[in-house]
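Here is a quick tour for someone meeting this structure without any background. Have a look at it first, and then we'll walk through it piece by piece.

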Amino acid sequence: MSEDNHELEHVAAEPIADPGLPEHLPRPTDVDPVMEKRAERQVATLFGLSSVFAILTCVAYFSLNIGGHPSVFLGMGASTVALGGCLGLALLAIGIGAIQWSRKLMSDHEIVEYRHPAASPQEDRDEAIAALEVGIAESGIGRRPLVRNSLLGAMATLGLPAIVFLRDLGPLPDNKLAHTVWAKGMQVVQDVDGAKIKPEDMEIGQLVNAEPEIFFATNSEGQPVIEGTALLQAKAKAAVILVRMHPDDIKALPDRRNWGIDGILCYSKICTHVGCPISLWEQQTHHLLCPCHQSTFDLADNGKVIFGPAGRHLPQLPITLDADGYIVAQSDFTEPVGPSYWERDRSNLT
Amino acid sequence: MRLFTRKISARLSARRRSRVAAPAVLIVALLATGGLVAVLSPASADKASSDAATIAKGRALFAVSCSSCHGSNAEGVTTERGNNYGPSLIGVGAAAVDFQVGTGRMPMAQPGAQAMQKAPVFNSDEIAALAAYVASLGPGPSIPTADQYDGSGVTNAQMVQGGEFFRTNCTACHNFAGSGGALPKGKYAPALKGVSSKHIFEAMLTGPQQMPVFSNGVLSPLDKKEIIAYLKTNESAPSYGGFTLGSIGPVSEGMFAWLVGIGSLVGAGIWITSGTSRKKKTTTKGADA
């Protein structure tokens, strides 16, 4: 009650009096039967048009080949435009007709609905709290701690089956995140066709999107050694890029001096930010850019992050030559590739 | 050299000393030399002499149009800070010249982040002469032949592989549809639509500006031809999916959705909630209940 009084005082204190609602004026269709008939015809025409377009949609579906006449209308296909256009217009005509109907012909009263407080009346709230207190007192939960505590224990234990079931959804990742399929002596081959690469095939400024040779290897029955989901998962970690720079431009760390061949270096293709594949390499600046969030790595400087959100340098794959003169890996990556994760060694954040 | 030509031009016309006089004299002199070589050489050595004449003509054109940045012997010009004003062209090969000059990127109109494509300054004979001159400086990739880059005879299976090569090697910069894309600091990867097959081949072979090299040793000429065939087929394919909006991805599509899509929804909302026309007070009130 006191709240209502306060509200009234507030209204009374308004500097400008409430002007109330404007005077209701009739629409032309309310007073003029000719206009009313016209509006009726308009709405019916729109609904009729909708039927026509719906039928035209079906006609277009059967008469025009999907993919036939591919550039008849502004470079777009006849079937595509006819189906989309007719169905769209059929829906649009119903919509416009319905709105026109409500604007011109449906009842035209101004209706005022006042807002009410969202809370329940005070007596209802008091009653609910009283009932709750009676319940607590009658159950005796405050007086019998043994019952209370064993109930809480039972509720908590019910969570255990949930954990066990969720744990069963899949094996733990183990140390899979820390390793790739790269191994000592595995050839670095061009992606797509698996062509082997010799250093003399690469020129300064060259970029090769490369993969480990095992992705193209077949077993004795001619089947791929890795295929399907396993191939995609392995590829997601093992993809690399091979670049050749002028050896004088490279500033290798002391322990990485023998990781390349005459200016040819091999880096992970997976961005250390959120794992996008990156191969946007500017050969003159030696910068590698990630298209997702513009992380930039300097491949002449051990893959150092020089811009963007990536937290770690790009992992480098040590390479050497095999007996036939093809480029091979010296070992697996010496650190996990791709984005960081909780269990990762945090020592080399650079 | 410059002093020498200046002296000659001064002698030729002491009163009308023009800026073009020195290069003009140089061209005339070099052309005359080349012409004389061509005329005076024995007919049996026709091929060799015409090559020599072409190289001489190329050298003359080079001296006029390229040497201010690339050095009078194409050895490159270094700035005080040790950067390249114009890089050395020794060993870049004829393919690089044919691409850079043939697409109008060279000679550059002005120094900048990137040499812009424009209408070629030289005709095909002059480009061939320049290419021959630069190729004579040191071994480098030569201009590809038509059967190397013409993708019209490529099978469908090869074209599919070309698409895979394209998506693996090219899309990072040139966009999934070859529409080009932005690079840092004002640089960009140009659109591939409308670029001739020969120039696409040469760009892969030589790696112009920031583009990496894709040498024939790794990405074989057949691989390159497959990529070109894929690009050309894509280019001529009709847009089954409706307006492409430039095929530049979410930027143009998102803008279209926000401006046209949401804009027309707002317009419809305004129409639905706007007041309808009303009769003036004079009408009797009894009619509306």
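Predicted model: local features only at pLDDT ≥ 70, side-chain atom pairs only at ≥ 80, totals over all residues.

β1(A) and strand β2 (residues 207–212) of chain A pair up in the antiparallel sense, over three bridges. Strands here are DSSP runs of E with at least two residues, helices are runs of H or I with at least four, and both are numbered from the N terminus. Two strands count as paired if DSSP finds at least two bridges between them.

Residues are numbered from 1 along each chain as its sequence is written, while chains are lettered from A and ligands numbered from 1 in the order in which they are written.

Back to the strands. The open sheet has four of them, in the order β1-β2-β3-β4 (chain A), with antiparallel pairing. β1 (188–190) and β4 (264–268) of chain A are at the edges with a single partner strand each, so one side of each has no neighbour in the sheet. From one strand to the next, the twist averages 40 degrees, with axes being lines fitted to C-alpha atoms and angles running from 0 to 180 degrees between N-to-C directions.

Now for chain A as a whole. Its secondary structure comes to eight helices and 10 strands. The C-alpha trace spans about 100 × 85 × 55 Å along its principal axes. Chain A has a radius of gyration of 37 Å, whereas a compact globule of 350 residues would have one near 20 Å; the radius is taken over C-alpha atoms, and the globule rule is 2.2 Å times the number of residues to the power 0.38. Buried residues make up 24% of the 350 residues in chain A. Buried means 20 or more other C-beta atoms within 10 Å of the residue's own, exposed means 12 or fewer, and partly exposed is in between, with C-beta atoms placed from the backbone.

| Helix | Residues | End-to-end C-alpha distance | Expected span |
|---|---|---|---|
| α11 of chain B | 221–236, 16 residues | 23 Å | 22 Å |

The expected span is 1.5 Å times one less than the number of residues. The number of buried residues in α5(A) is zero, so α5(A) lies largely in the open. Just after α5(A), A:Gly140 takes a positive phi of about 70 degrees. In α11(B), the buried residues include B:Ile227, B:Ile228 and B:Leu231. The buried residues of α11(B) pack against α7 (146–149), α8 (156–169) and α10 (197–206) of chain B.

How many residues of chain A are in contact with chain B? There are 39, and they touch 32 residues of chain B, where contact means C-beta atoms, placed from the backbone, within 7 Å. α4(A) gives the most to that side of chain A, with four residues.

Finally, A:Phe73 lies in the loop between α3 (33–63) and α4 of chain A. A:Phe73 is exposed, with 12 other C-beta atoms within 10 Å.

Notes
Contact = placed C-beta atoms within 7 Å.
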